[in-house]
Amino acid sequence: MLDLNSKLSSLEGALKAELSSVKDLKSLDEFKIKALGKKSELYQLTRNIGELDPAQRKTAGALINKLKTYIEQNIAELEAGLKTDDNKNKLSSEVLDITMPGRVYPLGASHPVTQVLNELIEIFKPLGYSIANGPEIEHEYYNFDVLNIPREHPSRDMQDTFYIMDNVVLRTHTSPVQACTMLQHTPPVRILSPGRVYRSDYDVTHTPMFHQVEGLVVDRGIKFSHLKGTLLYFAKRMFGEKTSIRLRPSYFPFTEPSAELDVTCVACKGKGCRICKNTGWLEILGCGMVNPNVFKYCNYPDDVTGFAFGMGIERIAMLKYKIGDLRSFFEGDVRFLRQFQ
Ligand code: PHE
């Protein structure tokens, strides 16, 4: 027994010394195996109990167990301490800096064509115009015939038309909406019809698809002066208070008389520059008094009169934002689009 006692006390000393040098969880695991595992001295001692005198076995077992429990307790305490340290280390090394700026995802913006269209709607809304829409695929009859553009008439060649099938076209202008509205509603009429139009054309100032806005006012007593007043109001709101307008005689089959509207050049304010080809004026839309033939096709009474105007939205946007190439509207280059945010 004396022998076992001294064995245990020297083992206890050795294990304590070893435990005191354990500084992390990994070496603690190694220590556990070494101190209590199958190959440990303690385990061997337990197994050898059987070889002792039966009278001594009980005491020997108790002594060995005492040391075993003591070591296990020490391990548990150290483990708890190390785990707390480990958590603290993790918390301090994996610290989250909530003052760091977040990731910024680029936001889109509305297209300049949409912006100008919205502006147009805001300009005409207070005058009592409502929005009318029509199909982009249109029967030839509404795109041309109703608008006093008969077949075989040279005015059909004014616009290069995409035919989808016999008699069916991609609308070349928003004017069919005028006619369709009059065919469906009795006068008075006051509409603004925006939308895509198509013409077989492609260069710096033409794209096969572009946007138009059409205005139509029909009532009893509508005169050319109403048209002129409306256009002056529009030009000032769109291009600035100092803008002047000028009407030049022109020709459209669906209006009579017809005119083209010029506004003071947005670049030189009328002095003359490269953009206005030194005239001081920029052409922005076509207009006129609704041709009585159109009223006739639409079954409107004889005593109504009206005016209409139509403009390309891209053209207005180009002048307003000083954009040189019409095609940049349709290329989807974000660097171009970002300028209009
Ligand atoms: N529809 C004509 C065009 O596309 C524009 C216009 C509309 C002219 C209404 C006069 C009246 O060129």
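Let me begin with helix 7, residues 175–184, in what is a predicted model: eight of its 10 residues are buried, so this helix is largely enclosed by the rest of the structure. The buried ones are Ser175, Pro176, Val177, Gln178, Ala179, Cys180, Thr181 and Met182, and they pack against strand 2 (137–139), helix 6 (140–143), strand 5 (189–198), strand 6 (209–219), helix 9 (292–297) and strand 10 (305–312).

Turning now to the nonpolar cores, the largest has 45 residues, of which Leu120, Phe234, Ile284, Leu285 and Phe309 touch the most other members. Two or more residues each come from helix 5 (112–124), strand 6, helix 8 (224–239), strand 8 (255–264), strand 9 (281–290), strand 10 and helix 10 (313–321), with helix 5 giving the most, namely seven residues. If we take Phe309 and leave aside its neighbours within four places in sequence, its contacts include Phe124, Tyr129, Leu192, Val213, Leu227, Leu231 and Leu285.

What, then, of the whole chain? The protein has 11 helices and 10 strands, and buried residues make up 41% of its 341 residues. Of the contacts with a separation of 6 or more, 66% join residues 24 or more positions apart. Yet the radius of gyration is 45 Å, whereas a compact globule of 341 residues would have one near 20 Å, and the C-alpha trace spans about 135 × 50 × 35 Å along its principal axes. As for the surface, the protein exposes about 19,900 Å², with carbon and sulfur atoms supplying 54% of that area.

Conventions: Residues numbered from 1 in each chain as written. Predicted model: local features only at pLDDT ≥ 70, side-chain atom pairs only at ≥ 80, totals over all residues. Heavy atoms only, no water. Buried < 20%, exposed > 50% of the residue type's maximum accessible area, 1.4 Å probe, protein only. Helix = DSSP H or I, 4+ residues; strand = E, 2+ residues; numbered from the N terminus. Contact = heavy atoms within 4.5 Å. Core = buried A, V, L, I, M, F, W, Y, C linked by side-chain atoms within 4.5 Å. Rg over C-alpha atoms; globule rule 2.2 N^0.38 Å. Areas by Shrake-Rupley, 256 points an atom, 1.4 Å probe, with all protein chains shown as cover.
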